[in-house]
Amino acid sequence: METKRCSFWLPNKKRFCANTLLNGSLFCGNHNSRAEGQWIQCPVQSLSNQPFYQKGINAGSDGEQLDEETSGINDSRLLTMTISSEMKRNALHRMSVPEFCNLIEKIESVHESLCKDIQDSFQMPEVCSLWIKSKEEERKLPFQEKHIMQQASIVGNLENFGVLKNSLGRKPSKCEEQVEGKEDGVSTVIEFGAGRGYLTQMLADCYGINRVFLVERKAYKLKADRSLRQNESLTLERLRIDIEDLNLNAVESLQGVPFLATGKHLCGAATDLTLRCCFPEYRKDSSEQSTANINFGGLAIATCCHHLCQWKHYTNKKFFLDLGMTKEEFHAVTWFTSWAVDANHDSDFPDTTDCVSNLQSIKEQGNGYSDGVEKILSEMEAAKRAALGFKCKWIIDIGRLMWLREHGLDAKLVRYVPPNISPENHLLLAKPLK
């Protein structure tokens, strides 16, 4: 008897899916759009027809947060231009030696005044330990130990921060007053830049999450979706869309539902796009300032790849401007961050090295310094380059932290894993003020 194959068309491969059909369906398990309403495919080719697709809604712009008199940018090409790493480096090389030295001194000063009190918060909740052990025994753990440590610490920090409650490993106290009909903590999760969705799998299995939205613009194999769909109490929607274009306010099944926003390693500007996406009422050009229908319950974003950040997307331009830094200096700061991930990560505090000990003599020589800024960069010691990179990463995330606080949220920034697990170890947490 001939095996019947899935009827789902794969546009990238220009063929139909070759998987076997589910009983009573025209699709396989991965593409069954009628699986009891638990999974909704959002193919790229139909995005323009989706009510939640709005091109560039979360992008921001060069002139955002600036007065009309000082924005000075009317060329639409400049507003949409992405500044490449090469462009950032070349602009840095064009700086005069005194300008470069002043920028390094600003970075040192800002880091010293704003970033010294950031705490370590390495978490492994008991419920996650039990989950990991059971998966290991079943040989169903689909990722490396370093990823497990990161995922467990993210959810552990959410629990410690009071966003996730009543994990499956915690028995409610007899003296706790139970309010009928009131849920303890959020029950809906939106994972941004979800990839294969394994962070959400841990959240769903360990914390009783019953509705999940996975936002990811790329297609992945070996996703957690299949395992998540086996949970009959869970509803899963995978939205194949760029965060920049996602209008959460128009996702019908999310209306009025308290949600937790998560993201593990949201590269570069994706963090800023996610912040705008979660808070449409705070977009400068938003027409929805008084009509937001979504209900923010909490946030945990592990930031990364700060060298990919862009001025036009960054949420808190005012933070840098108030520090006396220009757009060009912001891009220089982002370029420096690439040095951090190239460093030796055995040290627990890689950002403590002094970067300016030899700047005074260079500054005194001014533009007479041989070969200018490019020569200075090439002669910097590896430890100082790495330290400068780490300091710049913290400054970028401190600006995001302040943006959240300025909008009335309880927010904090922590190191959630040691550098030897991942040098990209910043976790941004937020929740509504009580």
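## About the model

The model is predicted, with local features needing pLDDT of at least 70 and side-chain atom pairs counting only at pLDDT 80 or more, while totals for chains, interfaces and linings use all residues. Residues are numbered from 1 along each chain as its sequence is written, and side-chain values use heavy atoms, leaving out hydrogens and water.

## Helix α7

Let's start with α7, residues 198–207: nine of its ten residues are buried, so the rest of the structure largely encloses it. Buried here means under 20% relative accessible area, with a 1.4 Å probe and protein chains only. Helices are DSSP runs of H or I, at least four residues long, and strands are E runs of at least two, both numbered from the N terminus.

The buried set includes Y198, M202 and Y207. Its packing partners are helices α5, α6 and α8 plus strands β4, β5 and β7.

## The nonpolar cores

A nonpolar core is a set of buried Ala, Val, Leu, Ile, Met, Phe, Trp, Tyr and Cys residues joined through side-chain atoms within 4.5 Å. The largest has 67 residues, and F100, F192, L246, L248, F320 and F336 touch the most other members. Helix α15 (residues 382–406) gives the most to this core, nine residues. Apart from it lies another core of 37 residues, with Y198 and V417 among them.

## I395

I395 sits in helix α15 and, at 1% relative accessibility, counts as buried. Leaving aside residues up to four places away in sequence, I395 touches I107, V110, H111, C115, Y314, F319 and F320, where contact means heavy atoms within 4.5 Å. I395 and C115 are 280 residues apart in sequence, yet their C-alphas are 7.2 Å apart.

Notes: Buried means under 20% relative accessible area, exposed over 50%, partly exposed in between (1.4 Å probe, protein chains only).
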